[in-house]
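Trainee: I am new to this structure and would like to go through it with you. Could we begin with the terms?

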Amino acid sequence: FGWADKENRIRATPATPYALASLSKSITSTAVMLLQHKGLLQMTDAVDDYLGDAPLIYHQHNSVPATLQQLLNMTAGIPHQWEYYYADEAIAKPNIDEQIRRYGIVVFPPGQQFVYSNFAPAIAEKVMIHATGETLSGFLQSQLFSPLQMRNSYVQKSSIPKGHLAKGYDNKGHALSESEFYPAGGAGYYASVADLLRYGMFHLYDDVSAGSKLLAQDEIDVLHTPLPDTKHNKFYAYGWGVFAMPNQHLSLLSNGSIDGAASSLLLLPEKDIAIACLTNAGVGNGVTDEMAFHIANLLQPGYTNSLKAFMEANAPDFEDKPFTGFERYKGIWEGSIVTYKDSIPIRIEIGADQIIRVRIQDQFETLLNNVTATEGLIQGQCLGMIELPETRQLSQSLELLLKPEKDMMYGCISVQSYHTNRPYFLLPSYVYVKRKK
């Protein structure tokens, strides 16, 4: 219902392709599993086996290589990254090899830390290209979309027929500037609600491909099963949120949001129910999630009460915790930010006054705000500048993510930019600091 394009009075239909945002991650993982089914790789293989002359850059514990299953489960130690490319700006997008050389950085020991990352599935794009010899779009169209009869699903925006795509709007209904989100494998695919239902039915192991099963049941089960190590996020598997709810059994949720779009695909495997919700408004996937949950409650009464009980029981696993380690980590820490271009000095002072001060190079000292400590990581935001070719003198803010280890902290510092109501990028660099004696 509603408009695919308000200005041109084009109505939305079940065949209208929408931006999927991070729902794309489960599709990328499914495609990699297809390659394992065909014998072209194994999920336990090292990622570098498929990256050619653009291998990962290890900054910590490179004796243990990151594997494909870690890549797709956000435990490869690779930080979050995203970029928007606007049609009215002449900024060329680097190819995937160049992007990996810049941002394919392993900042935490593989297998030891869950870090949500758009760029990990982007690296999986390269894996698929290397393993098949095809383009990402060509492989997904021939091996996944076509067999499942997903006729309005796309990897590239340029492939969508003119006038078919749901145009993006902000949360007040104003049309957004035309842009393309990168990386595609992390949050850049497009599909219609009808196609998502076929994709969901496939994950329910329903017969949607004229009797042809692309994956075995046990392979689909793997895609719905969090890795067993307790250091991993026990509610996440290959792009799916996995919720074992009392009285309602298993729920699977793949969702996402970007500027001007949000998506949710909810599966209830034991009931053979698939619910797809897409919007071309910048309202966040909380809205599409709620819609999906209410529909589930109509089809299966009591669902929302069970979901609420599940979320309340597991609230500590979903909430960021305030940082309380001021006394433990009190002192001055000095080190470097290592970008793909330079090494930049950084100084962090953790005070007994419960204030964390950050100074980068010769810039003004700034305060680290909204400091939390979740899953053993210290996280916060501050002002500052990190000069990269992509930053183009745009206004910036910084996000810091650090893992304490004895007298050292390491992780990433990411530069983010929004300008004139346009999101531009989140670009990570490795950072380390050591306690000053």
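Mentor: Helices (H or I, at least four residues) and strands (E, at least two) are DSSP runs, numbered from the N terminus. Residues are numbered from 1 along each chain as its sequence is written. This is a predicted model, in which local features need pLDDT of at least 70 and side-chain atom pairs count only at pLDDT 80 or more, while totals for chains, interfaces and linings use all residues, and side-chain values use heavy atoms, with hydrogens and water left out.

Trainee: Thanks. How many cavities of 30 Å³ or more does a search of the whole structure find?

Mentor: The search finds 1. A cavity is a set of points, on a 1 Å grid over the protein atoms alone, where a 1.4 Å probe fits but cannot get out; a pocket is an open set with protein on both sides within 12 Å along at least five of seven lines; and lining residues have an atom within 4 Å of a point. Grid points are joined across faces, edges and corners, and a volume is the space filled by probe spheres set on the points. The largest cavity has a volume of about 40 Å³.

Trainee: Which residues line the largest cavity?

Mentor: Its lining consists of Ile348, Ile350, Ile356, Leu368, Ile378, Leu400, Leu402 and Met409. Strand S15 (343–350) and strand S20 (397–405) each contribute at least two residues to this lining.

Trainee: Now the pockets. What is the volume of the second largest pocket?

Mentor: The second largest pocket has a volume of about 620 Å³. It is lined by 33 residues, and Lys157, Leu165, Ala166, Lys167 and Glu178 lie nearest its centre. By class, the lining has 15 nonpolar, 11 polar and 7 charged residues.

Trainee: Which strand gives the most to that lining?

Mentor: S7 does, with 3 residues. Strand S3 (18–19) and strand S7 (179–182) each supply at least two.

Trainee: Back to Glu178: is it buried or exposed?

Mentor: Glu178 is exposed, as its relative accessible area is 54%. Buried means under 20% relative accessible area, exposed over 50%, and partly exposed in between (1.4 Å probe, protein chains only). Glu178 sits in the loop between helix H5 (136–145) and S7.

Trainee: What about the backbone? Which peptide bond is cis, with omega near 10 degrees?

Mentor: The bond from Tyr182 to Pro183 is cis. Pro183 is in the loop between S7 and helix H6 (184–187).

Trainee: What is phi of Met74 near?

Mentor: Phi of Met74 is near 65 degrees, which is a positive value in a residue other than glycine. Met74 lies in the loop between helix H2 (68–72) and strand S5 (82–86), and it is buried, at 2% relative accessible area. Glu375 likewise has a positive phi, near 50 degrees; Glu375 is in the loop between strand S18 (369–374) and strand S19 (377–382) and is partly exposed, at 39%.

Trainee: Changing topic: how many salt bridges does the search of the whole structure find?

Mentor: It finds 16. A salt bridge is a side-chain nitrogen of Lys or Arg within 4 Å of a carboxyl oxygen of Asp or Glu. Side chains of opposite charge can pair when their charged atoms come close.

Trainee: Which residue meets Glu334 in a salt bridge?

Mentor: Arg347 does, at 3.8 Å from N to O. Glu334 lies in strand S14 (residues 331–338) and Arg347 in strand S15, so the pair ties together parts that are 13 residues apart in sequence. Glu334 is partly exposed at 35% relative accessibility, and Arg347 is partly exposed at 25%.

Terms used. Ala, Val, Leu, Ile, Met, Phe, Trp, Tyr, Cys and Pro count as nonpolar, Asp, Glu, Lys and Arg as charged, and the others, Gly among them, as polar.
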